[in-house]
Amino acid sequence: MAAFYRPAPWLALALTLAAAPALAGSGPPQGFVLSDNADLAFTSPDKATGIEQYMKDSEDIDFKWQAWARHGERMIELKPEQDYPAGFRFTNDSQWLVRMQKTGSGEQDLFLYHVEKGAFVSATKKPFSDLAWAYFHSRQKMKLDYHISANLVKGTEEAYRGLGVKWPDNRYLVISLSGEMDKHPKNVAVKGLADWRCRYDLKTGTFDVPAMFAKGNAEALRWEIRR
């Protein structure tokens, strides 16, 4: 008769922990190291949340970056993982967070996060910049080929008072879109879109173009640099 074997209590616990899935938001995986670049660390206006960015040197020499939101002892990854570090900007009430993510030379995407149950989570199913570009293309038929970039205009902390407006606090985000075209006349060095602006309403989840942006947007559509 085979002997019945009962593992020691500490061994049973170790085996249980090894088999259990890692807790979500427990921290960066092995191999990712916290960046010591102070410019890559961000703190919410209420000082409750800090954004930390971790780097891993992958096998193909390129770096991989993860961004994590630390709230006390709790850490939540701000997905997705990217090839570059990012910039972050909070609304003044610390409830919304925009990630300005470099994706290549002269190119940038935006990601939007919102606090739910005390933690930042993705606020949109698609990248925030994809939604802004979809809105642009619903109004303008323009094909852009490279240096495609979406940027968050500075002013979230003060509800864009610097633009001379009196919008409600923590209500709007102003997005700037730019890009360049492959095809253009020979006497033109560069042609494309430069600083076309729209506004996003955090309350309704919709875009619009305030009248104050009309003149600048018309110029943005005609942007070019002649030889």
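Modeller: Strands β10 (residues 146-152) and β11 run antiparallel and are joined by five bridges; strands are DSSP E runs of at least two residues, helices H or I runs of at least four, both numbered from the N terminus, and two strands pair if DSSP finds at least two bridges between them. This is a predicted model, in which local features need pLDDT of at least 70 and side-chain atom pairs pLDDT 80 or more, while totals for chains, interfaces and linings use all residues. Residues are numbered from 1 along each chain as its sequence is written, and side-chain values use heavy atoms, without hydrogens and water.

Biologist: Which residue in β12 stands opposite L173?

Modeller: β11 also runs antiparallel to strand β12 (residues 188-201), with eight bridges between them. In β12, the residue opposite L173 is Y200.

Biologist: Why is strand β11 described as largely enclosed by the rest of the structure?

Modeller: Buried means under 20% relative accessible area, exposed over 50%, and partly exposed in between, with a 1.4 Å probe and protein chains only. Strand β11 spans residues 172-180 and is largely enclosed because, of its nine residues, the number buried is eight.

Biologist: Which residues does K79 contact, leaving aside neighbours within four places in sequence?

Modeller: K79 lies in strand β5 (residues 74-82) and is exposed, with a relative accessible area of 54%. Its C-alpha atom is 9.7 Å from that of Y113, 34 residues apart along the chain. With contact meaning heavy atoms within 4.5 Å, the residues are R99, Y113 and S122.
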